[in-house]
Amino acid sequence: MPRITLDNVIRIDYEYAARRITDFIRTYVNDSGTTGAVIGLSGGVDSSVTAYLLVRALGRDNVVGLILPYKTTPPEDIRDAKYIAETLGIKYYYIDISNVRNAFAEAIPEFDEGNKVATGNLLPRIRMTILYYFANKLNKVVAGTGDKSELLIGYFTKYGDGGVDILPIGDLYKTQVRYLGKYLGLLDSIAFKPSSPRLWDGQTAEGELGVKYEDVDVILHALVDYRMNIEQAVEATGKPLELVQAVWRRVINTEHKRRSPVVPRVSMRTLGLDWRMPINRTGLSEFME
Ligand SMILES: Nc1ncnc2c1ncn2[C@@H]1O[C@H](COP(=O)(O)OP(=O)(O)OC[C@H]2O[C@@H]([n+]3cccc(C(=O)O)c3)[C@H](O)[C@@H]2O)[C@@H](O)[C@H]1O
Ligand SMILES: Nc1ncnc2c1ncn2[C@@H]1O[C@H](COP(=O)(O)OP(=O)(O)OP(=O)(O)O)[C@@H](O)[C@H]1O
Ligand SMILES: [Mg+2]
């Protein structure tokens, strides 16, 4: 039984990861016939690292940033997002989404400001809509910023920040993304900024989840990468049974977020079940093996 620690998670070859991801982005964008990518810049580690990788892959003239604050966005995040766009030399738009958000609140009958999740999730869904407006207009793809930890525990808004075309850092855990950021030359203050979706005042990811990403990542490494069962993961990581169970429960309960909508079978070949266009004729197959 291997002993699994955070060190095992963090000690990967970041030069390889950066090269592999930038090769993927370039291949994907070339095959798609688009002219580049748009990305939402939050000033957090995930969007900052993804923006660096996009520019490495596509060149700064082919990447467009969108800074889309609401009143729950702290000023230092806006400052950091602008700093990233300016350091990378990409074109960016700054659009305060308060009016759009408030128009939803006015238009929806019995709008419940007190329901933090339902109202909070409007923000990523409004941002997704604006990102696709620019993607359509500029003939670009929407680059998502979800990392492997968030994707596996379903810590994202379905069709909000989850509504994207590619997920360049989707195979890297949150803790790995931080060190990839360091490798790429990101400021420590951004690379190691505590994660927060900023959907409501005072929200932090670890506060809401009730578990640290350092623990999430070690547990997921055991359960997913090593395919361990719960008992094996407890023994290998030394983490409490309740914590391992809680993380696994999140993975199971959010599977619907990682799938296309389910189509019930009525015919010989049902979309998503037994018919999917093979992608092995494109350059992309190399990145999915
Ligand atoms: N079994 C099932 N099969 C098919 N669909 C199912 C389903 N269960 C729920 N659903 C659908 O999914 C909806 C719930 O999912 P969703 O709308 O996403 O809502 P939910 O998962 O409750 O909320 C999103 C969570 O992600 C966090 N978040 C959001 C954005 C960014 C970040 C970040 O890390 O930056 C984190 C946020 O703080 C919150 O905890 C339900 O209303 C229902 O429509
Ligand atoms: N104010 C914002 N302006 C533009 N895009 C945003 C804003 N807030 C969130 N987003 C988009 O939504 C994504 C998801 O938010 P999330 O908080 O998970 O990522 P992050 O801030 O980059 O990193 P972390 O998860 O560590 O906080 C961001 O990466 C970004 O693309
Ligand atoms: Mg964030």
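Mentor: Ala, Val, Leu, Ile, Met, Phe, Trp, Tyr, Cys and Pro count as nonpolar, Asp, Glu, Lys and Arg as charged, and the others, Gly among them, as polar. This is a predicted model, in which local features need pLDDT of at least 70 and side-chain atom pairs count only at pLDDT 80 or more, while totals for chains, interfaces and linings use all residues. Residues are numbered from 1 along each chain as written, with chains lettered from A and ligands numbered from 1 in the order of writing.

Trainee: What makes up the shell around ligand 1, by class?

Mentor: The shell holds 7 nonpolar, 4 polar and 4 charged residues. Membership requires a C-beta atom, placed from the backbone, within 6 Å of the molecule, and 15 residues meet that condition for ligand 1, the closest being Pro124, Thr157, Lys158, Pro197 and His256.

Trainee: Which residues does UniProt list for "binding site"?

Mentor: The unreviewed entry lists Arg125, Lys158, Asp165, His256 and Lys257, though such annotations may be inferred rather than shown by experiment.

Trainee: Why is Arg125 called partly exposed?

Mentor: A residue is buried with 20 or more other C-beta atoms within 10 Å of its own, exposed with 12 or fewer, and partly exposed in between; Arg125 has 16 such neighbours and therefore counts as partly exposed. Arg125 sits in helix H7 (residues 122-138), whereas Lys158 lies in the loop between helix H8 (148-153) and helix H9 (174-184); helices here are DSSP runs of H or I with at least four residues, and strands are E runs of at least two.

Trainee: Which residues does Arg125 touch beyond four places away in sequence?

Mentor: Arg125 touches Thr157, Tyr159 and Gly160, contact meaning C-beta atoms within 7 Å. The C-alpha atoms of Arg125 and Gly162, 37 residues apart along the chain, are separated by 8.9 Å.

Trainee: How do you know on which side of H13 the buried residues lie?

Mentor: The buried residues of helix H13 (residues 230-237) are Ala233, Ala236 and Thr237. They cover an arc of only 85° around the axis, so they fall on the same side of H13, and they pack against helix H12 (213-225) and helix H14 (241-253). After H13 comes Gly238, with a positive phi near 75°.

Trainee: What makes S3 and S4 edge strands?

Mentor: The open sheet has 4 strands in the order S3-S2-S1-S4, with parallel pairing. Strand S3 (91-94) and strand S4 (141-142) are its edges, each pairing on one side only. Pairing needs at least two DSSP bridges; strand S2 (residues 63-67) and S3 have 4 in the parallel sense, and therefore pair. Leu66 stands opposite Tyr93 in S3.

Trainee: Which helix gives the largest share of the shell around ligand 2?

Mentor: H3 gives the largest share, 3 residues, and helix H3 (45-58), S2 and H7 each supply at least two. Altogether 19 residues surround ligand 2, the closest being Gly40, Gly44, Asp46, Ser47 and Ser195; by class the shell has 8 nonpolar, 8 polar and 3 charged residues.

Conventions: Contact = placed C-beta atoms within 7 Å. Arc of directions from axis to C-beta.
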